[in-house]
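Biologist: I have a structure open here and would like to go through parts of it. Can we start with the ligand?

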Amino acid sequence: MSTATRGRAKGQGQWALGHREPLNPNEQSKKDDNPLNVRSRIENVYARGGFDSIDPADLRGRFRWWGLYTQRRPGIDGGKTAVLEPHELDDEYFMLRIRIDGGQLSIPQLRAVAEVSTRFGRDSADVTDRQNVQLHWVRVEDVPTIWRILEDVGLSTQEACGDCPRVILGSPVAGVSEQELVDARPLIDAITSRYIGDRSLSNLPRKFKSAISWLPDIPYECNDISFLGAVHPEHGPGYDLWVGGGLSTNPMLAVRMGTWIAPERVPDVWAAVVSVFRDYGYRRLRNRARLKFLIKDWGIERFRQVVETEYLGYSLPDLAPPPVPERLEDHIGVHRQRNGKFYIGVAPTVGRVSGTLLARLADIAERHGADRVSATPMQKLLLLDVPEANVAAAVADLAELGLVADPSPWRRATMACTGIEFCKLAIVDTKDRATALVGELERRVPELDTPISIHVNGCPNACARTQTADIGLKGQLMTVDGRQVPGFQVHLGGGAGVHAGFGRKLRGLKVTSAELDDYVERLTRRYLAGRKATEPFAE
Ligand code: SF4
């Protein structure tokens, strides 16, 4: 019996354990109908009847399990986000999230994404910090055709959003890196083919974020589960298991379970951890439902014991803490692969691209004999498998597209979430504001010689990892001269790897959006004037 199936007897998680009625509306909706069932209604009813034919419980709930969120209606300012009813914020267009498990796209897949964007998404496309691509302006009438185009090349929007296992992060250079000892791609494939769309794991208390990578080039401390490459002194190469990370409100970094996972056991261990979350995770309050709260209450020893005894049926070997990585590798620039070819990492500003640009990227890839493109968790793109003789020409062609392989530190290390342009939870603009900030800082402080990470978020949900940036910005409204204006709470000195920790949120450390350029410039000049040798910003 598979791990996933064994847990099914426990039914709807905590509700089956008794005394938790009445359900909250989200739990009621999931209980009324498995959200994956909404696909047939989209294909057979809503795509024909249009936006007005959609049942509100599907529109604002179950659609997410197929990667669809309603967009924010244009022109609604951030002050109205918390006061309007959901239907007043809804536009009749959708954001569509395409999951790219592991981050790598073949050229036909890249062309399919570009086609969907240009035909059905007004040429919109954003590379997200979870290696998805998000399109906007999608109409429900077009969704079945979009699915056909994507699924013909092996892409999917299934469980891209919702209370279910979302996209699995993976090293964007898995299979080609000279440093890698285990290629995680077959493990990611095994999990997605076995468990994505498995109804026994499609009703979780809340979203579930995963990552599997040999290299420390994914934000492993921010996921519900991460497998990070580690060598056991007796058993050899495998994975160190981290669980219970999550940012948003009540941010927590993942903790090590203290176990070594053999590569062939990764899918079973992944399913066991998801199943514990399904069966024991908290479902009463949405903002207390992520796995991190259960682990905080239980402690890691009890959590490990439940995983091993109730779900796996065997004990996992202990693993002493491996060396902590210095920093998250972003792969920007030109790098040799282990097969003698090269990959080229480029920096679209804050992940914003377009369908047209992606189609031209596919042209460049084919012209120079490259087989694949990767999306990174830093909102960047890599061209993989470029023969050495073509590297210089490929770099030049990419630069003509605005995709430079030697970006300024500002362009390299700035990320932004979706923000008020499309997100119904947003309070402030992010993408355009961050793009303007990058341009201004490149002009004002061109001498910066090391990346300072700036993560711009439109609200406290921290989709662009507010707390782990050198300068984390959390959108909020500020009152200036009696008027409400967009601004940011500032978190300073967050980091990953050996610098792991949350930025300090200092009381009163806020900046208006209008003053942001001046503020970051001042901060940087102080750092450059006062740093010792190679002291990073986070110190
Ligand atoms: Fe939307 Fe807030 Fe997430 Fe930004 S951080 S994408 S504004 S929910």
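Biologist: Which residues are around the ligand?

Modeller: This is a predicted model. Around the ligand it places Cys417, Thr418, Gly419, Cys423, Leu425 and Ala426, along with Asn457, Gly458, Cys459, Asn461, Ala462 and Cys463.

Biologist: How do the residues of that shell divide into nonpolar, polar and charged?

Modeller: Seven are nonpolar and five are polar. No charged residues are in the shell around the ligand.

Biologist: New topic, helix H6. How many residues does it have, and how far does it reach?

Modeller: H6 covers residues 107-120, which is 14 residues. From its first C-alpha to its last it reaches 20 Å, close to the 20 Å expected at 1.5 Å a residue.

Biologist: Which residues in H6 are buried?

Modeller: Among them are Leu110, Val113, Val116 and Phe120. Arg111 is buried in H6 as well.

Biologist: And what follows H6?

Modeller: Arg122, with a positive phi near 50°. Most residues other than glycine have a negative phi.

Biologist: What is phi of His331, and where is that residue?

Modeller: Phi of His331 is positive, near 65°. His331 sits in the loop between helix H11 and strand E11.

Biologist: Why does His331 count as buried?

Modeller: Because it has 22 C-beta neighbours inside 10 Å, and the cut-off for buried is 20 or more.

Biologist: What about Asp385: where does it lie, and what is its phi?

Modeller: Asp385 is in strand E15, residues 381-386. Its phi is positive too, near 70°. Asp385 has 18 other C-beta atoms within 10 Å, so it is partly exposed.

Terms used. Residues are numbered from 1 along each chain as its sequence is written. This is a predicted model: local features need pLDDT of at least 70, side-chain atom pairs count only at pLDDT 80 or more; totals for chains, interfaces and linings use all residues. Helices (H or I, at least four residues) and strands (E, at least two) are DSSP runs, numbered from the N terminus. The expected span of a helix is 1.5 Å times one less than its number of residues. A residue is buried if 20 or more other C-beta atoms lie within 10 Å of its own, exposed if 12 or fewer, and partly exposed in between; C-beta atoms are placed from the backbone. A residue is near a molecule or strand if its C-beta atom, placed from the backbone, lies within 6 Å of it. Ala, Val, Leu, Ile, Met, Phe, Trp, Tyr, Cys and Pro count as nonpolar, Asp, Glu, Lys and Arg as charged, and the others, Gly among them, as polar.
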